[in-house]
Amino acid sequence: MAECHPVGFQWVMEAKARGAKLIHVDPRFTRTSALADAHVPLRAGSDIAFLGGIINYVLANEKYFRDYVVPYTNASVILTDEFRDTEDLDGVFSGLDPEKRGYDHRTWQYEGMEVQAASGQRDMEYEDRVGPVEEAARGEAHGSGGAAIGVGDPERDPTLEHPRCVFQVLKRHYARYTPEMVERICGVPRDQFLKVCEMVTENSGRDRTTAFAYAVGWTQHTVGVQYIRAASVLQGLLGNIGRPGGGILALRGHASIQGSTDIPTLFNLLPGYIPMPHAHSNEDLDTFIQAEAARKGFWGDMRSYMVSLLKAYWGDAATADNDYRFDYLPRLTGSHSTYETSMAQIDGVCKGYFLMGENPAVGSANAKIQRLGMANLDWLVVRDFSLIESATWWKDGPEIESGEMRTEDIGTEVFFLPAAAHTEKDGSFTNTQRMLQWHHKAVEPAGDTRSDLWFMYHLGRLVRERLAGSTDEMDRPVLDLTWDYPTKGELAEPDAEAVLAEINGRDADGNPLSSYTQLKDDGSTSCGCWIYCGCYADGVNQTARRKPGKDQNWVAPEWGWAWPMNRRILYNRASADPDGKPWSDRKALVWWDADEGKWTGHDVPDFIADRPPDYKPPRDATGPDALAGNDPFIMQADGKAWLYVPAGLTDGPLPTHYEPQDSPFQNALYKQQRNPVRHLPAPHPDNRYAPSGTDPGADVYPYVATTYRLTEHHTAGGMSRWQPYLAELQPEFFCEVSPELAAERSLKHGGWATIVSPRGVVEARVLVTERMSPLTVDGRKLHQVGLPYHWGPNGYSRGDAANELLHLSLDPNTHIQESKALSVDIRPGRRPRGPAATALVREYRQRAGITEETGTEL
């Protein structure tokens, strides 16, 4: 966090100055480690075993917060007798279809009711809820808030003793995650691991809370979602969710990554985490809502959020008579992640592509696949500050050097359009803590540079002008869009605050709304993103507020604006006990005021304001009306935190340790080596996988490499490698190796090393450092290689791209790549040039016996 998120890390240091303890778990000793109370080096890709070991410690030693767990989680819920765990099936769950490489979730359900999925592959669940459909494309929808639950109440055992209750299933599942097993899998010595367990549990309970902060080191794995789930299970058991100083913080590497997922830039979501419709036959709005919306909690009001969004998109053209133009929305026909899109480019299906603030030619996994895809486009539009590698690969990319591509054979027409920096435009950032903060333009953009808002608005304006008068129904969605933003200045820059006001939402009279609870499903309200409703309340840009901390309470509600409803801690009803009283004075946040008949406190209560703690809803209640007074997790379909996920994830109801796609080790816990439903894109000769574990040829790639970020550079380097002072601070691509590995492979400090994977070969300067500690894993010594991923051949600071080495094997829920753990070999000297480079990769593959099938087995 100190390395990659230094601005946020100042508050960690503030907490440390007040007595907080800081534990840093990372394969490398970093700037964070240097300031931590404990640094725990572990093998990259083994975090679920580590977290599972802490869960086992908590359960076995009764360190869980029972008064929180019983009423606020699903620990007491009893599962059907059809469910089989990894303990029963040697590493897989019941319902696995090996041919389809997917799970049927029906055996994961609660006794007494049926649970439906809100994310993952959706065709099965769609038919469950709305009846048979005609042959449908395999789409997917990743909503938030958990799976939707059917009518009725699940059977529960508040004593937590029933053998099929979630609590007992959890105990059995994690029983083998012992300190000895953690040491064997992760390389973390038993005593060091137990010290972490003690520190975490001693700082959790009524009077204390512990927070987890993670970044892409947890997400970029074939089980990345389950990494975060494991932390959620642990925090739920310890009572650290919804309380000050607790929670799980997803650190964001750019000022508005959170905003880009909220609004969003993801292919499978609409704004506010509403699932994107998919290509079922004859799906109308009512059918979509029936299939996707929860029946309990605030996701039960999805129709209001959806209709208001459609009104924001199409205004007066969206009416009840035409289903609010639901038919205008695009439809998913499967996964359209960046990696499927690259394959579609290679296959000639995707003909044109926009790149805005992205540099996949060096920054995406298996960068060669990205370049091969772009080389098969008709046109490519690149908007960036500098001539990044994604704008110039056609003349200076690695495939030009190797002779695999010739510039004169590439038909892609590349348009480079210079982009304005954030200092040259108005707008908002949404950060890790869901806070929107407004930034004001400092200077006018120079020359031909323009903001993203200018580009998208005027592109849309010109397209609409070209289509004016068209009678083709295919053009109506574009022509009917509300596209009337005011502009200002010589450049006709769209007014960013006008866009924010549209996102905030308006009532039937055009007045700004102040809360998503005001949204209606009858077309009388519009809102561009329901969770942002209120950010422009009273016609005031709430995100631009900057009241000093000394002039307000410690929650600081008047600094910026946090979604939803300026709430700073989500699910904060859980900060009070079932009777509505704070768990302790020290950790008081919100509480029930019986005299006033409402929830009050330091933060905006994340609960229905006048719902008393003892409220019991009628059995036929739906939506928010179905929430009981002790249901703090109001976006979950049952109001509870889920220690066990009965549906909603594609790869299992409980986090389970699997080895990474490329791993020199066998899974010590189960016969099942890898995540059985990991997402493998279509086979390609340049995306081969390494043999793993005890497979023949695995010793050809004996080391584990992990990629990471440096403070001095930013992501794929487009914002930093062109800055002379940053280039001087970190001038070259390098690899970090331990002194022992350096001796083993004759690597010289400051010299060159060649790193090889089944996909590619790169060279890097050698940094011999004790920051990389050898680990003892499964009885043998493991060396790990650290690779910063910022480089490419352009700019002041140049070098090979670490992502040339990566494969395309993805998390099945999010389709994010596995960048943080892969098998490599390392040797002294510079890599070969030209055709000799590809020949070296080929020679390694032949020695390892790699074929198209290697690593694709279940």
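Here is a short chat about salt bridges in this predicted model.

Me: Why is the contact between Arg 31 and Glu 712 called a salt bridge?
Reply: The cut-off is a Lys or Arg side-chain nitrogen within 4 Å of an Asp or Glu carboxyl oxygen. Here the N to O distance is 2.7 Å, so the pair qualifies.

Me: What makes this pair a link between distant parts of the chain?
Reply: Arg 31 sits in helix α2 (residues 31-35), while Glu 712 is in the loop between β21 (703-708) and α23 (724-729). They're 681 residues apart. There's a network too: Glu 3, Arg 31 and Glu 712 are linked by salt bridges.

Me: How do you know whether Glu 712 is buried or exposed?
Reply: Buried means under 20% relative accessible area. Glu 712 comes in at 12%, so call it buried.

Me: What about Asp 104 and Arg 106, why do they count as a salt bridge?
Reply: Their closest N and O atoms are 2.7 Å apart, and the limit is 4 Å, so they pass. Asp 104 at 26% is partly exposed, and so is Arg 106 at 33%.

Me: What separates Arg 461 and Glu 465 in helix α20?
Reply: About one helical turn, because they're four residues apart in α20 (residues 452-467).

Key:
Residues are numbered from 1 along each chain as its sequence is written. This is a predicted model: local features need pLDDT of at least 70, side-chain atom pairs count only at pLDDT 80 or more; totals for chains, interfaces and linings use all residues. Side-chain values use heavy atoms; hydrogens and water are left out. Helices (H or I, at least four residues) and strands (E, at least two) are DSSP runs, numbered from the N terminus. Buried means under 20% relative accessible area, exposed over 50%, partly exposed in between (1.4 Å probe, protein chains only).
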